[in-house]
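This report walks through one structure in short sections. Please keep the sequence and the 3D view open while reading.

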Amino acid sequence: MKLLEVKNVHARVEEKEILKGLNITINTGEVHAIMGPNGSGKSTLSKVIAGHPSFQLTEGEIQYNINGKLKDLSELEPYERSRQGIFLGFQYPVEIPGVSNLNFLLETYNAACKAQGAPIMEEEEFRIFLKKKLELLEMNDSFLDRSVNTGFSGGEKKKNEILQLLTLNPRLALLDETDSGLDIDALKIVSKGVNSFKSKYNAVVLVTHYQRLLNYIVPDFIHVLYQGRIIKTGGKELALTLEEKGYDWVIKESGMELHP
Amino acid sequence: MNEVLAQQYSADLEARQANLGQNHLSQMMRDSLTQLKSHGLPGKKLEHWKYTSINSEMPEQLAAPQADQASPTFEIKDAHQILIVNGFLTTMPEIPGVHIRKMNPHESHDSIPMIQEERDGAGWLHWSTLQEVLAIQIEKNVMLENPIVIHHLFTKKASKCLSSHRVVIHAADLCDLSILEVTTGLDAHELSTFNATELHLSTGARIRHIQLTSELKEGVHYSALKAELARDSYLNSFALTAHAKLHRRDIKVNLNDENATAHVNGLFTLKDHEHCDTDSIINHNAAHTFSEQLYKGVVADHSHGIFTGKIVVHRDAQKVDSQQLSRNLILTKSAHIDARPQLEVYADDVKCSHGATIGQLSVDELFYLESRGIERSEAARILAHAFVQEAIDKVGHSTLVPLLSDWLSSRYEITTTGVANE
């Protein structure tokens with residue numbers, strides 16, 4: 001089933017155009033990896049889909065499947081997109097001192113439940129609901145009583161993002177450089193979390209610099225983003241070639257100029 | 001003498017001092033009036049009053065309030081409660097090892113050591129109009145589980161008056177307790193208050209002092225905190241102002257001997273046309289003394305918050321460690337913050353840091369919460385509360401911290417509409 005369709009999207013931050021006619025279609029059950037050199041627009045794509053207010057869509061359309069129908073996302077506020085099952089895992093998760101992780105998760109979970117007409121949970125029940133997810137991510141229970149991301153290490157913050165992913169159980173997970181800054185043990189745990197989330201009812205988009213992540217979360221498609229456009233799409237084997245040869249050959253092949 | 005003061009208040013001040021008795025306190029008050037006449041009321045010409053003008057909010061007359069009865073609107077379970085209504089003691093508890101008494105300038109009584117040192121007319125006005133002094137002496141080794149709460153309450157009988165009161169606390173060696181002072185306007189109108197608190201910490205004493213100020217809709221409200229810290233003593237001071245039309249707070253902390261430590265924190269949350277000006281001086285007078293200061297401000301509407309914080313490390317005060325930070329959140333464009341961290345270091349082997357930040361809620365932080373399904377206005381509220389909570393947490397007491405959070409949230413609703421629309 002078609003979950004997301006990005007059609008000829010142009011987007012800019014302030015006066016700078018970053019996405020310049022981007023097309024991508026994502027179906028349920030798929031894992032897509034977005035790769036590309038620095039500054040090509042990888043992070044922008046995920047932020048535009050989630051509705052970051054600093055990015056303006058100037059042309060094109062993003063359609064998202066809500067109740068079986070493709071709907072223009074620009075009509076939805078970021079919080080509504082979230083409640084409709086779009087999740088963005090942040091490259092730099094925000095610290096919120098004074099708000100406990102448990103309350104934060106519960107509030108976001110219940111907000112989504114209410115929006116979707118599902119029953120909400122009380123704190124005790126919710127703690128039990130979280131227990132298995134914490135175990136899977138090798139997170140101690142004490143994480144729930146700490147302030148959101150406050151004083152967390154880089155790895156702990158990323159695990160916390162995946163905990164939120166597993167709790168909210170969205171239909172579209174956009175993971176923005178979730179692997180950057182992780183040691184190999186944390187990378188394995190984060191990947192385990194994402195793999196347990198994956199199902200035929202949802203889709204994952206991994207934005208990453210490194211092929212290494214794709215050893216643990218195997219993508220169905222790899223897209224190379226350059227200067228705001230997808231210039232090549234391939235299968236999982238493309239990552240190995242990119243790792244070996246870099247991006248220059250893809251850029252040349254596409255007929256675009258190198259390092260403009 | 002300031003013209004306004006000369007014309008308007010001269011007769012009032014003489015009248016307030018007309019029936020003084022002959023004691024140490026009344027003599028201090030007479031001396032203070034002489035000082036007040038030479039200083040005048042403070043104005044913007046003084047560097048440390050640069051941002052605050054009190055003339056327009058001062059009452060027409062300096063009438064003294066009448067005694068009255070009242071009950072606090074904020075209760076702390078199991079606290080030792082002291083009530084001071086309109087500047088007069090009405091209720092005090094009996095606590096083993098703690099001696100509480102009042103002194104007034106009309107009756108004869110013994111005296112206790114007090115600090116009569118003022119920089120400007122605001123302090124001298126306090127002394128000149130003093131109604132009572134509440135003296136609290138805590139014996140050596142006394143440790144109190146439950147806090148002492150001093151309620152300063154004001155009723156209709158204090159309307160259009162100037163109330164002046166002083167609390168003097170002497171904490172003997174190694175005692176350990178928490179003291180809250182809660183100033184609440186209740187139903188007094190056009191009231192001004194000029195109050196002060198002195199803390200004397202002897203060797204090894206540990207005092208947590210919390211000052212809450214709210215519901216002072218009109219008038220000028222001046223409060224001073226003076227603390228003297230002896231060897232190995234520890235002061236944790238926290239001042240929270242929510243909903244006061246014009247509040248000026250002067251803080252002076254002297255770290256007088258080795259290993260004295262002061263945490264001097266505070267928070268103000270302002271809206272409408274409220275104005276809150278804190279001027280803090282921490283003196284490191286001895287080597288191996290330590291201070292930490294976090295002062296936070298949240299301003300909305302047309303309010304104006306000011307923090308001036310000076311840390312002075314005197315000559316020979318080596319190995320001092322001092323950290324100061326002023327952080328401010330502006331919720332609407334018409335609100336205003338002035339933050340002035342100042343450092344004067346005359347010793348050469350010290351560790352000092354200071355800084356100030358002024359900003360709005362960050363777009364990225366708001367987006368983080370929105371992307372988790374939280375509406376923008378709610379996201380702003382959560383972030384502003386988190387900002388405030390960090391300051392309250394500095395009180396470092398498991399039951400008082402949640403109590404203060406509740407106290408604040410029932411008195412100040414963080415309005416983030418301006419942010420939400422931008």
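Is A:Asn67 buried or exposed? A:Asn67 is exposed, because 6 other C-beta atoms lie within 10 Å. The cut-offs are these: a residue is buried if 20 or more other C-beta atoms lie within 10 Å of its own, exposed if 12 or fewer, and partly exposed in between, with C-beta atoms placed from the backbone.

## Basis of the model

This is a predicted model, in which local features need pLDDT of at least 70 and side-chain atom pairs count only at pLDDT 80 or more, while totals for chains, interfaces and linings use all residues. Residues are numbered from 1 along each chain as its sequence is written, and chains are lettered from A and ligands numbered from 1 in the order in which they are written.

## Two asparagines with positive phi

Most residues other than glycine have a negative phi. A:Asn67 has a positive phi of about 50°, although it is not a glycine. A:Asn67 sits in the loop of chain A between strand E4 (55–66) and strand E5 (69–72). Helices (H or I, at least four residues) and strands (E, at least two) are DSSP runs, numbered from the N terminus.

B:Asn259 also is not a glycine and has a positive phi, of about 65°. The loop that holds B:Asn259 lies between strand E12 (246–255) and strand E13 (261–270) of chain B. B:Asn259 counts as partly exposed because it has 18 C-beta neighbours inside 10 Å.

## Chain B as a whole

Chain B contains seven helices and 19 strands. Its C-alpha atoms fill a box of roughly 70 × 45 × 45 Å along the principal axes. For 422 residues, a compact globule would have a radius of gyration near 22 Å, and the 21 Å of chain B agrees with this. The radius is taken over C-alpha atoms, and the globule rule is 2.2 Å times the number of residues to the power 0.38.

Of the 422 residues in chain B, 51% are buried. Two residues are in contact if their C-beta atoms, placed from the backbone, lie within 7 Å. Among the contacts in chain B with a separation of 6 or more, 83% join residues 24 or more positions apart.

## Covered elements of chain B

In strand E6 (residues 162–171) of chain B, ten of ten residues are buried. In a regular strand the side chains alternate between the two faces of the sheet. From E6(B), B:Leu162, B:Ser164, B:Arg166, B:Val168 and B:His170 point one way, and B:Ser163, B:His165, B:Val167, B:Ile169 and B:Ala171 point the other way.

Two strands pair if DSSP finds at least two bridges between them. E6(B) pairs in the parallel sense with strand E4 (residues 132–138) of chain B over seven bridges, and B:His170 is the bridge partner of B:Gln137. E6(B) also pairs in the parallel sense with strand E8 (residues 192–201) of chain B, over ten bridges; there B:Phe194 is the bridge partner of B:Ser164. Helix H3 (residues 121–128) of chain B is mostly covered too, with eight of its eight residues buried, including B:Trp124 and B:Trp127.

## Where the chains meet

The contact takes 20 residues from chain A and 17 residues from chain B. On the side of chain B that touches chain A, H4 and H5 of chain B are the elements that give two or more residues.

Helix H4 (residues 363–370) of chain B has buried residues, among them B:Leu366 and B:Phe367. Their cover includes helix H2 (78–83) of chain A and helix H5 (376–392) of chain B.
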